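Subject: Structure handover

Hello,

Here is the structure for your files. Please open it first, then read the notes below it.

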Amino acid sequence: MAEKGERPELIYVACPYSHDDPCMLEYRFHKVNHLVARLMAEYPGKVFFSPISHSHPIAQYMGNHLDGGHWLKQDLAILGLFDEVWVYMLDGWEDSDGIYTETEEAIKFNKPIMYVGDDLIVEAP
């Protein structure tokens, strides 16, 4: 837990999202929300941000769920503010163009990249 006056560690949670099946978009949205809720409970001294949790409801109003360029622009603009990037190893993560771009950006900013699954075990590459 961060001491009083100290800024807590900020964790960016990358997750696969894009898919042709709208049901898969919804599934991934709910899966990452569940994971982040569990991470918040498990690591109360850290602050977690999931761009999918933030952007999916907004995309419903904009109707542009599959405009990866638009959403990556939003995500990459803030990624540098975070201390670490944690990749959620949800099905499809290894083939995700978004995760590839986010992790390349993290490397550019010298941010540690960790990998987390549903078991909440966090691993370095």
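Among contacts between residues at least 6 apart in sequence, 70% join residues at least 24 apart. Contact means heavy atoms within 4.5 Å.

Some ground rules. This is a predicted model: local features need pLDDT of at least 70, side-chain atom pairs count only at pLDDT 80 or more, and totals for chains, interfaces and linings use all residues. Residues are numbered from 1 along each chain as its sequence is written, and side-chain values use heavy atoms, leaving out hydrogens and water.

Overall fold. The protein has four helices and five strands. Along the sequence they follow the pattern β-α-β-α-α-β-α-β-β. The radius of gyration is 14 Å, close to the 14 Å that the globule rule gives for 125 residues, so the protein is as compact as a globular protein of that length. (Helices, H or I with at least four residues, and strands, E with at least two, are DSSP runs numbered from the N terminus. The radius is taken over C-alpha atoms; the rule is 2.2 Å times the number of residues to the power 0.38.) Buried residues make up 37% of the 125 residues. Buried means under 20% relative accessible area, exposed over 50%, and partly exposed in between, with a 1.4 Å probe and protein chains only.

Helix H1. This helix covers residues 22-42, 21 residues in total. From first C-alpha to last it reaches 30 Å, close to the 30 Å expected at 1.5 Å a residue. (The expected span is 1.5 Å times one less than the number of residues.) Leu25, Arg28, Phe29, Val32, Leu35, Val36 and Leu39 are buried in H1. They cover an arc of only 135 degrees around the axis, which puts them on the same side of H1. The arc is that of the directions from the helix axis to the C-beta atoms. The face turned away from the buried side carries the exposed residues Cys23 and Ala41.

What do the buried residues of H1 pack against? Their partners are strands E1 (9-14), E2 (46-49), E3 (84-88) and E4 (113-116), plus helix H2 (51-62). At the N-terminal end, Asp21 caps H1, with a side-chain oxygen 2.9 Å from the backbone nitrogen of Cys23.

Phe109. This residue sits in the loop between helix H4 (97-108) and E4. Its relative accessibility is 37%, so Phe109 counts as partly exposed. Leaving aside neighbours within four places in sequence, Phe109 is in contact with Leu79 and Gly80.

Best wishes

How values were computed
Polar contact = N/O pair within 3.5 Å; in protein donor to acceptor, adjacent residues only side chain to side chain.
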